[in-house]
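Look at the structure below.

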Amino acid sequence: MPERTDFAERYASGKTPWDSGTPSEELLRVLNDGKLTGSTVLDFGCGTGTNAIELARRGFRVTATDIVPQAIQIAHDKARTAAVTVDFRVANTLRDNPGGPYDILFDRGVYHCLRTEDLKAFREFLRRATRTGSWWLSLAGNSKEDTEPGPPVVSEQQIRDELEPLFDIVELREFRFSTNQSDFRPLGWSILMRRK
Ligand SMILES: C[S@@+](CC[C@H](N)C(=O)[O-])C[C@H]1O[C@@H](n2cnc3c(N)ncnc32)[C@H](O)[C@@H]1O
């Protein structure tokens, strides 16, 4: 079992390599393909809100949650500066009512953490936050490249076993995460799914 990350400590000490400060290139690619149809989005585990703000800038009605109050405070400040509206909330994805159901779920680096923390509670969250036809784009660490430091990783078989009971996998492709260090680009899975 991988060690659980203390995210509050990581934000307090600034050890947040995932916080690149620019919208995810992979999210932008999928958005530009026009596949994410609908108007409401939940970005769960949104961190400091960069992607949630980008989604709001593109006209989506965005709810974005994170378990760490410091991350949500920074996200609020960034949204105010960007003059966009995002419903940012401090919430635990595994316990709190997610609202919704949403047209689109997005996570960057959260499924790959929560699957080992409590897969049953995570799947219950997915069931409640979506309805038939809802989209989910998940960006997760890829077990073909398990590095330290690096994100938690998951294999294609684990993705299929854990998520296919609830979702059709529309596209499963490899990509590289950008981080706040230009030479650190861990291999990821981009998993585009549609709720059965
Ligand atoms: C790898 S970071 C990615 C943050 C953000 N999605 C991004 O791309 O910058 C994972 C995020 O999930 C949040 N998180 C971890 N467990 C959570 C939980 N149970 N509920 C809500 N957020 C959680 C962490 O605080 C952290 O911000």
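The report covers the basis of the model, the ligand and one glutamate.

## Basis of the model

This is a predicted model, in which local features need pLDDT of at least 70, side-chain atom pairs count only at pLDDT 80 or more, and totals for chains, interfaces and linings use all residues. Residues are numbered from 1 along each chain as its sequence is written, and side-chain values use heavy atoms, with hydrogens and water left out.

## Around the ligand

The ligand is surrounded by 16 residues. Tyr11, Gly45, Asp66, Asn92 and Arg108 are the closest. The shell holds nine nonpolar, five polar and two charged residues. Here Ala, Val, Leu, Ile, Met, Phe, Trp, Tyr, Cys and Pro count as nonpolar, Asp, Glu, Lys and Arg as charged, and the others, Gly among them, as polar.

Asn92 places a side-chain N or O atom 2.9 Å from a ligand nitrogen. A polar backbone atom of Thr93 is 2.9 Å from a nitrogen atom of the ligand. Arg108 has a polar side-chain atom 2.7 Å from a ligand oxygen. The ligand taken alone exposes 590 Å², and the protein buries 95% of that. These areas come from the Shrake-Rupley method with a 1.4 Å probe.

## Glu26

Glu26 sits in helix 2, residues 25–32. Helices are DSSP runs (H or I, at least four residues), numbered from the N terminus. Is Glu26 buried or exposed? Glu26 is buried, at 6% relative accessible area; buried means under 20%.

Glu26 contacts Leu139, Arg173, Phe175 and Ser190, leaving aside residues up to four places away in sequence. Contact means heavy atoms within 4.5 Å.

Definitions and conventions. A residue is near a molecule or strand if one of its heavy atoms lies within 4 Å of it. A polar contact is a pair of N or O atoms within 3.5 Å; within protein, one must be able to donate a hydrogen and the other to accept it, and residues adjacent in sequence count only if both atoms are side-chain atoms. Helices (H or I, at least four residues) and strands (E, at least two) are DSSP runs, numbered from the N terminus. Buried means under 20% relative accessible area, exposed over 50%, partly exposed in between (1.4 Å probe, protein chains only).
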